[in-house]
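Notes follow in the order I checked them.

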Amino acid sequence: MFNRTLIATGLGISLLSAAALADFEDDHPLFAAYPKAELEQAQMYDYEKFSLPTSIVDVTKNDPVYSKLDTIGDVYWHNYEIENVSSLKVYENYLAAAKQLGFKEMFSCALEACGDEKQASELGTLIAVRGSVYNEYRKPYYWVGEKDSPRGKILVAWFVGSHEDLVSLQQVIIETEPLETGLIKVDETYANKSAAPTSVEPLSAEDKEKDHSMLPRYPGAKLRTHKKVDTETITIPVARNAADRTPLKLTGDLARHTYEIQNVSTLKIYENYKAALLNAGFAFISQCELDQCGTDKQASDLGGEVSVDKSVYNWYRKPYYLLAKKTLPAGNVFAAIFIGGHEDEVGLQQIILEEKVVQTGLVTVNADQLKQQIDADGKALIYGIYFDTGKADIKAESKPTLDAIADLLKRNSDLLLYVVGHTDDTGDGAANVTLSKQRADSVVAALVKDYQIAAARLQAQGVGPYAPASNNTSDGGKQKNRRVELVKRLR
């Protein structure tokens, strides 16, 4: 362990050799620690890129904006904490040591010159080994300097900030040097072998059943969760870089899957899915790659909209997204795929939507069911009477429902009804009230003419969109609102 005395050592003994890198766990020998300083964290990277801020930070943008000095070399990263001393005294001692060694100042700021508290905090965070200065951004001092040495330039940066009686010092030292090569030896025998294709183990019948038959899983992928729904309405996002970012609102058979794949890149998976969809005749509506998908949060949010669980968890790094469509005789098919990684694992979120209209006529009504609803609730909701959009003429497929209503009235001769028409909230409200009354009139007229129901037993009313049974923000909700109600009348 190095001496805990703030000194500037001679350059002849200051630089760590490659052989000593594995033992790095303490102070850098060029600038040892301030007396009684506690080393909170230290890291060393052999030959790494680093950007040192050389201006105060503009934090008014989504991503901080600042001038920077890009370097590459051996990077030593430290965070020290010192109690019961001022940030000024610590800063002046480090600055004096740097000047003693002949370092040239590249940029510095002190106190208010480092910006407001948010700017100072961001400036320190940019060089903090812990990724944050936490509360130690008050009374800030920042300094960047460089010096030539026989092996190349040495750069140093310090951010000194305080909170109450504690000073925190962030330190970065970069020893620039040419890239050392020749460390890897090639096995010529192995290098001359042909590339082996990715092995594909056959899926079990159970796994095949869980996958979508059109787009089975990537080789070796494990299914985390899935969901299949007959005739669902869903909103599918488009990529952030699309000219028109309006999401697609679609209805059809829905399949959603989340897969996990180990030891493969998001790029390889993306290129394979892209090629598969192109070969199948799909056209891309929208896609984004890496930074085109936005910030980490924006990429995570995009994947969450595709995910079964509404979250991609840690799988938002190195993201890719594609949204594709194919037109088939039975209707359009849409595929949305979000691919993101975390460490050696890739998470894939997948939506397959086979577009189709909602199939009706699957639920029938009869007189007994209608009577039970009216006795229990004073009304019965009817969804089996059909009209063309904007019209009041009853369509032929409504006959089974009209038969059931007529049967109800004939079997309950004392029953009086209001026949109330309802619409969704599309269009003008007053016009919808008029249309709903016209449709109720049509139902009454059909019952009187075709089934010989006494007209005095029925009164037609229309309330348009003003008594909804569901929301008007989805196709399913609007469908529930387009109905006829039979309401029991006392006289």
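This is a predicted model: local features need pLDDT of at least 70, side-chain atom pairs count only at pLDDT 80 or more; totals for chains, interfaces and linings use all residues.

I found an open sheet of six strands, ordered 7-8-12-11-10-9, with antiparallel pairing. I looked for the edges next: they are strand 7 (222–236) and strand 9 (283–289), each of which pairs on one side only.

I followed one pair in detail. Strand 11 (residues 331–342) runs antiparallel to strand 12 (residues 345–355), and 10 bridges join them. I asked which residue is the bridge partner of H342 in strand 12. I found E345.

Then I looked at what covers the strands. I saw helix 5 (residues 266–279) lying across strand 8 (248–262), strand 9, strand 10 (317–328), strand 11 and strand 12. I noted an angle of about 10 degrees between helix 5 and strand 10.

My last stop was a helix pair. At what angle do the axes of helix 7 (residues 367–377) and helix 8 (residues 399–411) cross? I read roughly 70 degrees, with the axes coming within 8 Å. Angles of 65 to 115 degrees count as roughly perpendicular, so helix 7 is roughly perpendicular to helix 8. I logged the crossing of helix 7 and helix 8 as right-handed.

I listed the residues in this contact. Helix 7 brings A367, D368, L370, K371 and I374; helix 8 brings A404, I405, D407, L408 and R411.

Methods:
Residues are numbered from 1 along each chain as its sequence is written. Side-chain values use heavy atoms; hydrogens and water are left out. Axes are lines fitted to C-alpha atoms, for helices over the stretch in contact, and angles run from 0 to 180 degrees between N-to-C directions. Helices (H or I, at least four residues) and strands (E, at least two) are DSSP runs, numbered from the N terminus. Angles under 35 degrees count as roughly parallel, over 145 as roughly antiparallel, 65 to 115 as roughly perpendicular and the rest as oblique. A crossing is left-handed if the near helix is turned anticlockwise from the far one by less than a right angle, and right-handed if clockwise. Contact means heavy atoms within 4.5 Å. Two strands pair if DSSP finds at least two bridges between them.
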